[in-house]
Every structure is written in C-alpha cells, then in structure tokens.
Amino acid sequence: MLLYKQIIDIVENDVPEDVALDVVKGGRKKAKSEGEEAITRFLRTYKPEERLAKQALLAQIESSPLYTEPANDVADSHKFGWNRGMALKLETIIRGRWSAWFTILDKQRFDEDLDDIPECEFSMFDGSAQVKKMLDRCMSHAYSSGYRGHDFMEWLGYSLGIAWFEKPDVDERTLQHWYDTFDISLMMLYPSDYLSTFLIDYQGQSGVGGYYPTPLNATMMINQMLGFGNPKIDRTVSVYEPCLGAGAMLLPSESLNLIGADFNISMVKAACIQAFLYQPWLLYIPHPITGIHFSESEMRINRYFEFSCDSNIFHGDSLLGEYRCPKEIFKESEELVDIHINPLDLRKNSALKWEKEFMTIPWDEMAYEMKWEIVKAQARSLGFDCVASNPPFGAMNKFTMEQIREYEKSNVAFLAERKAWLDQLEKTPSPHTEEIIDFTMSLIEEKTGQLSFF
Ligand SMILES: C[S@@+](CC[C@H](N)C(=O)[O-])C[C@H]1O[C@@H](n2cnc3c(N)ncnc32)[C@H](O)[C@@H]1O
C-alpha cells in the first residue's frame with residue numbers, strides 16, 4: 001500500500017522518472033513484486049506532458065464527493081471506503097475513466113465529440129497471470145485461517161466503500177496480509193474478469209444458480225458483433241444484462257448506458273467491484289445525463305433511467321423484474337430501495353400505477369409531485385435498446401415459478417379493476433399502456449409454460 005501512495009506522490013509532485021523508478025524499486029536493482037515491476041514499466045511510458053495533465057486530473061479526483069483520505073497503515077484501514085480515494089487516484093494515473101465520468105457528471109451532459117473516454121482493453125492473457133498469482137497469494141494464507149473468497153471480497157468492497165459490503169469479520173493477521181499483499185493497481189493495469197474465476201476457485205460458485213462465466217474472449221466478440229465493442233459506436237445505446245454474473249458481458253461494452261442485475265448477491269458484489277475498476281458509469285449514475293438519458297431535441301428522458309438510487313447494478317430476480325439497490329451506492333449501511341424493471345406483477349408497474357391521474361388530470365393542473373412520479377414512471381418503462389446476456393439454461397426455481405403463478409391470478413383481478421374505472425371514464429387508455437400490459441401478460445404466459453429465460 002505504501003508503494004502506491006508513493007506512486008501518487010511521484011505523479012503529483014512531478015518527480016523525475018529515474019528518481020521515481022528508484023522509489024518504486026526501493027534502491028534495489030530489480031523490482032521485487034509483480035506489482036512493482038508492472039508499475040515500473042508503466043512509469044517508463046509516461047511522457048512529461050502527460051504528467052502535467054494527470055496532475056490536474058488528480059486534483060479533480062481529490063475534490064470529488066467520492067474521494068476519501070487513504071489509510072496510513074493497517075490500523076487505519078477499518079473505515080468504510082478507506083481505500084477508495086487512493087483507488088480513484090491510481091485509476092486516474094493508469095487510465096482515467098473516473099475523471100472522464102466525473103467531468104460528464106459535473107457538466108450533466110455528454111458530448112460525443114468533446115468527451116474523451118479512455119480506452120480499457122480487456123484481455124484474458126496480458127498480465128492476468130500476475131493478477132491471479134497475487135489473488136492466490138492473498139487467499140492461500142487466508143484459507144489456512146478458515147477464510148473464503150466471500151471474506152476477501154467483503155474486505156475489498158468495504159475498502160472501496162461500496163454500500164453492498166459490510167465490515168469484514170477477519171482477524172488482524174489476515175487484515176495485515178491482505179493490506180500488504182493485495183495490489184489494486186495490478187487489476188487496473190491489466191483489465192480482465194478476475195472475480196468470476198476467483199468466485200469459482202475460492203467460493204465454490206461454479207453452477208450456483210446456473211453460474212458459469214462466459215469467457216471474456218466470447219463476450220468481447222459478442223460486443224463487437226453487436227457493435228458495442230467499438231469506441232466509435234453510439235455510446236448512448238442502453239444495454240441491459242439481466243443475468244449479470246461478475247459482469248463479463250458488460251465489461252467490454254463501450255456504451256455509457258449499462259444496466260445489470262443478478263439474483264446471487266455474491267455476483268452483484270463482484271460486478272460492483274469490477275464496475276468500479278473498469279466501468280464507472282455502470283456503478284454510479286447520480287442523475288440523468290443529457291445526451292445519454294435525456295434528449296435535448298425531444299426535451300424528455302428518452303432512455304431508461306432509475307431515479308430512486310444512484311447505481312445501475314441491481315439485486316433480484318430478472319424473471320419477476322423485481323430488484324433492490326442501495327439508495328446511495330457509496331454510503332455505508334445504506335437503505336435498500338425497490339426497483340422494478342418490466343415487473344410481472346402489474347401492480348408494481350409504476351406507469352400503470354399513475355395511469356388514472358395521467359388520464360384524468362390536465363398536465364397544467366397537476367401537482368408537481370405527481371408530475372414527477374409520472375415522469376419517473378415513464379422513464380422506467382422506456383425499455384432497452386439491447387438485452388445482452390448469457391442466462392442459465394436450467395429449469396426455473398420453485399419459488400419463482402410459484403410467484404409467477406400468483407402474479408398471473410392477481411393480474412387478472414388488477415385488469416378487472418382497471419376495466420371498471422376505464423368504463424366509468426369512457427376514455428380509451430393510451431396505446432403505450434396497452435403495450436405494457438400485453439407485454440407483461442405474454443411474458444407470464446411464456447414463463448408459466450416453463451420457458452424460463454427463452
Ligand atoms: C450462465 S451465468 C452467466 C453470468 C454472466 N452473464 C457471464 O456471462 O459471465 C448466469 C447468471 O444468471 C444469474 N441468474 C440465474 N437466474 C437468474 C434470475 N432469475 N434472475 C437474475 N439472475 C439470475 C446467475 O446467478 C448467474 O450469475
């Protein structure tokens with residue numbers, strides 16, 4: 001950890017390259033660890049003008065609301081988010097996606113021609129052996145003390161201050177080992193889907209809930225074929241992954257409009273960590289962005305946006321369309337809010353919930369709060385430009401199946417009630433509303449026929 005504080009110092013204080021390399025190697029001829037070697041190579045590639053630009057970006061990171069002061073030593077590493085500030089700075093030195101995203105968030109708009117999104121080249125090979133070695137070293141020690149992959153992920157996610165994670169319950173010796181051994185910059189230098197294999201190796205997740213990760217080479221190719229693997233694409237296309245896993249399908253996407261969900265909480269946690277490392281716009285979207293979610297020419301939210309939380313990674317069952325998410329993704333013990341995406345239960349569809357008011361009260365006379373609810377409901381029912389997934393191919397679980405049958409019954413009652421008030425009003429609902437209902441009922445038909453994800 002100390003080394004990485006020094007690297008940040010080197011860039012911030014414009015230390016000449018040879019002195020910088022000496023600091024990294026600590027006076028030794030050769031670097032000691034994989035991390036030191038990688039960062040040494042990396043510092044050699046830095047041009048002086050790049051350093052100046054990076055210094056400005058590091059100052060921007062420090063003034064961001066997500067910045068936290070780094071821990072000085074292991075004793076100081078008990079606070080929620082103790083490593084987030086340093087991780088944000090390291091990411092800025094290595095790539096710079098967070099600072100690009102902060103700039104877009106500050107302007108509240110995305111300009112295709114002006115905003116430069118640094119590339120993040122994923123690979124299953126370059127440097128990944130080094131990262132795996134480092135993760136193995138973290139775990140081999142912890143394993144003998146009875147800890148598992150889950151404990152390490154809790155430590156890592158808590159250190160980044162992500163709301164899904166709780167204070168890790170491990171002994172001081174293990175904390176010291178992880179503090180000394182884990183090197184987040186290595187994961188940033190060599191982007192890959194590390195946590196998918198980690199969860200299989202150290203938490204026995206293979207096959208759990210139909211979890212089999214898709215190799216990154218395949219998801220990179222899928223993204224290329226869909227046209228989302230190329231930075232020249234329209235970065236605003238919305239891509240939804242209902243069976244997110246650790247994020248393999250969305251990680252290589254060049255879109256800035258990503259949404260993912262999984263019903264396995266370990267997967268949600270892994271996806272959050274990997275989004276922090278590589279795809280900030282998947283993890284943290286505090287408000288809609290003009291040019292991504294809001295169209296200036298139409299003057300309306302024109303792409304899916306969820307207003308009740310500030311993240312696009314949800315935990316829940318995609319067959320039901322029911323999820324939960326922390327209200328604020330970077331706040332400790334944050335309350336969870338309900339999120340519904342095309343819910344099978346029509347009563348949970350917010351567009352239908354506000355339908356009567358929408359049809360009966362003239363827009364100019366409507367209370368501001370109600371207008372706001374209607375705007376939010378409509379933003380949620382916009383749907384996605386693309387759904388990209390590798391779903392499980394097994395049978396549906398019993399709980400989901402029972403729930404779907406119950407919704408089928410309660411939807412029939414809901415539709416009867418709706419018909420009664422519509423008859424009284426003698427007004428025809430908008431074709432859009434009818435579409436929502438038809439779509440939901442056809443999904444139920446498919447799913448009760450055991451079609452599961454097909
Ligand atoms: C075959 S794995 C694919 C994971 C990831 N998409 C990838 O390509 O590496 C399927 C994933 O779907 C998740 N899953 C299965 N049924 C689900 C459901 N009903 N709702 C949400 N996620 C589900 C599992 O937890 C698992 O992570």
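**Exercise 1. Determine what share of the 454 residues in the protein is buried, and describe the overall build of the chain.**

Solution. Buried residues account for 41% of the 454 residues in the protein. A residue is called buried if 20 or more other C-beta atoms lie within 10 Å of its own, exposed if 12 or fewer, and partly exposed in between, with C-beta atoms placed from the backbone. The model is a predicted one: local features need pLDDT of at least 70, side-chain atom pairs count only at pLDDT 80 or more, and totals for chains, interfaces and linings use all residues. Residues are numbered from 1 along each chain as its sequence is written.

Next, the secondary structure comprises 19 helices and eight strands; helices (H or I, at least four residues) and strands (E, at least two) are DSSP runs, numbered from the N terminus. The radius of gyration is 24 Å, close to the 22 Å that the globule rule gives for 454 residues, so the protein is as compact as a globular protein of that length. This radius is taken over C-alpha atoms, and the globule rule is 2.2 Å times the number of residues to the power 0.38. The C-alpha trace spans about 85 × 50 × 40 Å along its principal axes.

Finally, consider the contacts, where two residues are in contact if their C-beta atoms, placed from the backbone, lie within 7 Å. Of the contacts with a separation of 6 or more, 66% join residues 24 or more positions apart.

**Exercise 2. Explain why helix H8 (residues 149–159) is described as largely enclosed.**

Solution. Begin with the count: nine of the eleven residues of H8 are buried, so the helix is largely enclosed by the rest of the structure. Among the buried residues are Phe152, Met153, Trp155 and Leu156. Then identify the cover, which includes helix H7 (128–144), helix H9 (172–181), helix H11 (194–203) and helix H13 (265–278). Just after H8, glycine 161 takes a positive phi of about 65°.

**Exercise 3. State the order of the strands in the six-stranded sheet and trace its pairings.**

Solution. The six strands form an open sheet in the order S7-S6-S5-S2-S1-S8, with mixed pairing. Strand S7 (336–340) and strand S8 (386–387) stand at the edges, each with a single partner strand, so one side of each is left without a neighbour in the sheet. Two strands pair if DSSP finds at least two bridges between them.

- Strand S1 (residues 238–241) and strand S2 (residues 257–262) pair in the parallel sense over four bridges; serine 238 stands opposite asparagine 257 in S2.
- S2 and S5 run parallel and are joined by three bridges, with glycine 260 opposite isoleucine 313 in S5.
- S5 and strand S6 (residues 322–326) run antiparallel, joined by three bridges; the partner of glycine 316 is tyrosine 323 in S6.
- S6 and S7 pair in the antiparallel sense over five bridges, and tyrosine 323 has isoleucine 339 in S7 as its bridge partner.

The hairpin of S5 and S6 has four residues between the strands, and glycine 321 there takes a positive phi near 75°. Four of the five residues of strand S5 (residues 313–317) are buried, so S5 is largely enclosed by the rest of the structure.
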